[in-house]
Amino acid sequence: MDSSPSLYLDVLFARARPSTLIELRWRTATGMGRRFVTVADRAAAAQLVTEIGARTDVYVGALPRWRPQGGRAAIVGDARTVWVDLDSDVAARTLEPVDPAPSVVVASGGPGHLHVYWSLTAGAAAGVIERANRRLAWALGGDLNSADAARILRPPATVHHGRGGAEVRLMGGGGAPARLGDLVGGLADPPGAAAPSSRTRPSSRRRGDALLELEPERYVARLTGRRVGRSRKVRCPLHEDGTPSLHVYREPQRGWYCFGCRRGGSVYDLAAALWRIEPRGASFVALRERLTSMFG
């Protein structure tokens with residue numbers, strides 16, 4: 001795989017309007033330097049990244065700008081990239097079941113730290129991109145603070161000088177541009193977002209319900225008979241699952257989510273699907289009683 005910044009910049013900007021701008025920033029002795037290069041001149045941008053990155057930390061705006069400013073208001077209205085910032089020793093394994101596959105994955109210098117990008121088949125406004133980024137971060141255990149449209153991130157073929165000169169490099173990718181709905185349509189918004197979570201059925205969101213406080217690792221293991229390891233993934237029992245695609249979150253409010261069949265939710269949702277019980281009305285009462293008996 002091309003280890004220069006060229007492939008990275010192509011993934012992010014090749015389908016942007018040639019007159020729009022790529023924002024470059026780098027650390028200086030007194031603050032931050034900044035330069036804007038047109039998308040049409042990506043080769044010059046790649047050269048600058050390589051030259052500046054050899055001596056200091058350098059960053060690239062993940063989305064093109066329509067004017068030479070770095071804030072959210074300068075983001076183009078038809079952006080075509082979404083991303084997630086993962087910082088975990090199992091980050092790479094977290095990505096294994098994700099479909100569509102990422103367009104490019106960058107090891108950003110810290111142990112297990114990845115920046116993962118997906119190209120989109122159609123442009124979207126900054127607010128739509130940010131909501132998609134938050135959904136990806138919430139689903140994959142990424143950094144919600146890196147979801148903003150004006151985010152600057154480390155490009156490959158540079159060095160993370162704050163980590164003792166750790167190399168920032170390409171790790172993989174190659175996925176074709178994805179439809180935004182195919183990528184995040186089945187994912188939930190983080191708590192506090194404008195839209196309600198699509199993962200948990202209304203019947204299972206009950207205040208004071210002790211079953212909703214169960215650790216997902218505990219009830220997934222008990223209900224599926226499958227041990228939850230360090231990767232926090234198991235083979236999903238709801239479909240043919242050659243590669244473990246059911247992700248088990250640590251927090252009860254996040255529960256579980258399968259990137260293969262795109263189902264998820266709480267202990268109620270998993271038990272209802274496994275036992276083929278409709279979680280509403282009298283059936284829900286019976287479901288709750290059975291789970292209470294099982295977990296106490």
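# Burial, contacts and ring pairs in a predicted model

Q: Starting with Glu 251, what is its relative accessible area?
A: Glu 251 has a relative accessible area of 28%, so it is partly exposed. Buried means under 20% relative accessible area, exposed means over 50%, and partly exposed is in between, with a 1.4 Å probe and protein chains only.

Q: Where does Glu 251 sit?
A: Glu 251 is in the loop between strand E11 (246-248) and strand E12 (256-258). Helices (H or I, at least four residues) and strands (E, at least two) are DSSP runs, numbered from the N terminus.

Q: What pLDDT does the protein average?
A: The average is 86, and 90% of the residues score at least 70. pLDDT is the predictor's confidence in each residue, from 0 to 100.

Q: Which elements have the lowest and highest mean pLDDT?
A: Helix H3 (residues 91-94) has the lowest, at 59, and strand E3 (residues 58-61) has the highest, at 97.

Q: And where does pLDDT stay under 50?
A: Over residues 194-205. The model has 34 contacts beyond four places in sequence for that stretch; a contact means heavy atoms within 4.5 Å.

Q: OK, overall make-up. How many helices and strands?
A: The protein has 8 helices and 13 strands. Of its 296 residues, 51% are buried. Taking contacts between residues at least 6 apart in sequence, 64% join residues at least 24 apart.

Q: Which residues of H1 are buried?
A: In helix H1 (residues 5-13), they are Pro 5, Tyr 8, Leu 9, Val 11, Leu 12 and Phe 13. They are on the same side of H1, because they cover an arc of only 170° around the axis. The arc is that of the directions from the helix axis to the C-beta atoms.

Q: Switching to aromatics, what makes a pair?
A: Rings of Phe, Tyr and Trp (its six-membered ring) pair if their centres lie within 6.5 Å; planes under 30 degrees apart count as stacked, over 60 as edge-to-face and the rest as tilted. This rule gives 3 aromatic pairs. One of them is edge-to-face, because the rings of Tyr 257 and Phe 259 have their centres 5.1 Å apart and their planes at 80°. Tyr 257 is buried at 0% relative accessible area, and Phe 259 is buried at 5%. Another pair is Tyr 268 and Phe 284, with centres 4.9 Å apart and planes at 40°, so it is tilted.

Q: Where are Tyr 268 and Phe 284 in the chain?
A: Tyr 268 is in helix H7 (residues 267-275) and Phe 284 in helix H8 (residues 281-295), so the pair, 16 residues apart, links distant parts of the chain. Both residues are buried.

Q: Which Arg lies over the face of Trp 275?
A: Arg 290, at 3.7 Å from the ring centre. Arg 222 lies over the face of Phe 295, at 5.8 Å from the ring centre. A charge sits over a ring if NZ of Lys or CZ of Arg is within 6 Å of the ring centre and within 35 degrees of the ring normal.

Q: What is Tyr 219 in contact with?
A: Beyond its neighbours within four places in sequence, its contacts include Leu 214, Trp 256, Leu 270 and Phe 295. Tyr 219 lies in helix H6 (residues 216-224) and is buried, at 2% relative accessibility.

Q: Last one: Arg 276, buried or exposed?
A: Arg 276 is exposed, with a relative accessible area of 78%. It is in the loop between H7 and H8 and has a positive phi of about 55° although it is not a glycine. Arg 232 also has a positive phi, about 65°, and is not a glycine. Arg 232 counts as buried, at 10% relative accessibility, and is in the loop between H6 and strand E10 (233-234).

Terms used. Residues numbered from 1 in each chain as written. Predicted model: local features only at pLDDT ≥ 70, side-chain atom pairs only at ≥ 80, totals over all residues. Heavy atoms only, no water.
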